[in-house]
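Dear colleague,

I am passing on the structure we spoke of, and I would be grateful if you could look through it with the notes below at hand.

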Amino acid sequence: MLAKLSTRPAVRRCAGVSVLVLALLGAGLPAAAADQPQPDLSRFYRQKLTWTACPGTDTPEDLQCAKVTVPLDYARPRAGTLDVALARYRASGTSRGSLLLNFGGPGGAGIPALAAEGKQFMDLTNGYDLVTFDPRGVGRSSPVSCGDDGLASAGTEKETDVSRPQALFKQLRQTADQCARSSGPVLAHIGTVNASRDLDVIRQALGDGRLNYLGFSYGSRLGAVYAAQFPGKVGRVVLDGVDTLTESPAEQGVAGAAGQQTALDDFLDWCATDRGCPFGQDRRRAGDQVVRLVRSLDENPVPTDFGGSFSGQDLVGAIGQGLYSRELWPSLERALASLIEDGDTRRVLAFATGGIGLPRERHRADGGLADTEDVPADNLPAALMAINCADDPDRPTAARLTKDLKDLRAAYDQASPVFGRYRLTQLLLCYGRPKGTDFIRDRVKDVHTAKMLLVGTRGDPATPYQWTVETAQRLGPSAVVLDNKGEGHTGYSSSTCVHRKVNDFLLYGSLPANGSSCPADAIRRSVTPDSGG
């Protein structure tokens, strides 16, 4: 659920509680573990950052980069380390410290997102250095991968055939093994619980006594986990596009597919009123045409300019990204027209979230930062699956899955004939991987922290508004809900009211009343599609 912060259809490289937090040898400890003997983390908490110009010819000149070293395994800090890549824009006014940003995912790299979309946050430099990071396993921070076609082969029509469960399980286990071979040691230590501990090391290295944080979509999950682990270190925290903490992956998948189908229906309603709509002006036929197009590409993928192939499930992923914001609809319409009318995949590939091309199978044994050009092409989907699986304690057996698979397929197809199979594949890809943590489901609740602002958007296709309400109830009185009556995924960049209220809280500590709302902004119904290639 990578938050879309721009109208540009570019790939963005391109969801135990204690009152006390103790200090041990200068290191912050998770509250849930504060009463247990802990390894010495003091050397990680004593780090000083060295900021330099960021690499890359397209990087903004005023964007600075650094790295922080964290344990590969917090339980055995001497067993190895990895570097986490950081970037910042310096405060333009009087700084009250740093504001950490996470743009979502999971699997979204923060540094390229801040480099591309930083202008939207520049008013926050009146009070903060704006800092982002590539979480462990993502971007330059020991990026995970599933190798050439590792994930793509698991998402085909053939491999989700409910009449061939044994073939499916064999393929899923092979995919899990391929991901493990291609990713290196970080894969066993990926996930939100460890990313949250990295976040606290970053906070200390920045010299901040408390964490000030703005997290979108999956970034809300990371922020909630941090609040549970380090309640005494919570400063001004905003969670926008709030992820669920309680629903099972199967329930999340069905809800996500249904939300995306609703967004697709809205898009087709709009598209059918335009003479340039590639599905024509007959709205009743347009939905069927999308389904047929996806099935046709699954059966006969088309080649791309990058040497790989583009399947129906790749198209589903691309459409899903294009539905995050209504302002993206004209560009999505144009991209689909190029694909259907000319067989040109370039425009629609700009919406794809990864998995196209030839991933590099390179990982540094020393845990150092990867060069930008060595980040695998499939890092985003590989990291998304790895993190979601690491956060999930459920691992049904093959026998249970065989029993449930037909019903699961029916439920997902009923939720969406377009997105159902795509979402079901994401659910099944945890099969063959180690069981994940139960920390989030069991212990991220009833936090005793400073007030946190949770923003939910009524028409959000990825994180339903109800998740905001449920997560706020779970977190307890510390959570304050802002109800955005608009549409699209997250509110900060799509609603002037949300933008203002979030800034007022982060910059001045002015918190809206719990349950207050923002009206929907006027939607521009007629936008000229861009001419990008």
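The notes take the sheet, then a glycine in a loop, then the disulfides.

Please keep in mind throughout that this is a predicted model.

The sheet is an open one of ten strands with mixed pairing, and its order reads β3-β4-β5-β7-β6-β8-β9-β12-β13-β14. Because β3 (52-53) and β14 (516-518) each have a single partner strand, they stand at the edges, and one side of each is left without a neighbour in the sheet. Helix α4 (residues 192-205) packs on this sheet, where it touches β4, β5, β6, β7 and β8, and its direction makes about 125° with that of β4. Further along the order, strands β12 (residues 452-459) and β13 (residues 479-487) run parallel and are joined by seven bridges; in this pair, Leu 453 has Val 480 of β13 as its bridge partner.

Gly 241 sits in the loop that lies between β9 (234-240) and α6 (249-271), and with a relative accessibility of 2% this glycine counts as buried. Leaving aside residues up to four places away in sequence, Gly 241 touches Ser 217, Ser 220, Val 455, Asp 460, Thr 463 and Thr 490. Of these contacts, Val 455 is 214 residues from Gly 241 in sequence, while the two C-alpha atoms are 6.1 Å apart in space.

The count of disulfides comes to five, and, with the bonded cysteines counted along the chain, they follow the pattern 1-2, 3-4, 5-6, 7-8, 9-10. Three of them are described here.

One joins Cys 54 and Cys 65, with the sulfur atoms 2.0 Å apart; the torsion about its S-S bond is about 100°, so this disulfide is right-handed. Cys 54 lies in the loop between β3 and β4, and Cys 65 lies in strand β4, eleven residues apart. Cys 54 is buried at a relative accessible area of 12%, and Cys 65 is likewise buried, at 7%.

Another joins Cys 271 to Cys 277, S to S 2.0 Å, and this link is right-handed, with 110° about the S-S bond; both cysteines are buried.

The link between Cys 389 and Cys 430, again with S to S 2.0 Å, is left-handed, with -100° about the S-S bond. Since Cys 389 lies in helix α11 (residues 379-390) and Cys 430 in the loop between α13 (420-428) and α14 (439-443), the pair ties together parts that are 41 residues apart in sequence. Cys 389 counts as buried at 2% relative accessibility, as does Cys 430 at 10%.

With kind regards

How values were computed: Residues numbered from 1 in each chain as written. Predicted model: local features only at pLDDT ≥ 70, side-chain atom pairs only at ≥ 80, totals over all residues. Heavy atoms only, no water. Pairing = 2+ DSSP bridges. Helix = DSSP H or I, 4+ residues; strand = E, 2+ residues; numbered from the N terminus. Contact = heavy atoms within 4.5 Å. Axes fitted to C-alpha atoms, helices over the stretch in contact; angles between N-to-C directions. Buried < 20%, exposed > 50% of the residue type's maximum accessible area, 1.4 Å probe, protein only. Disulfide = S-S within 2.5 Å.
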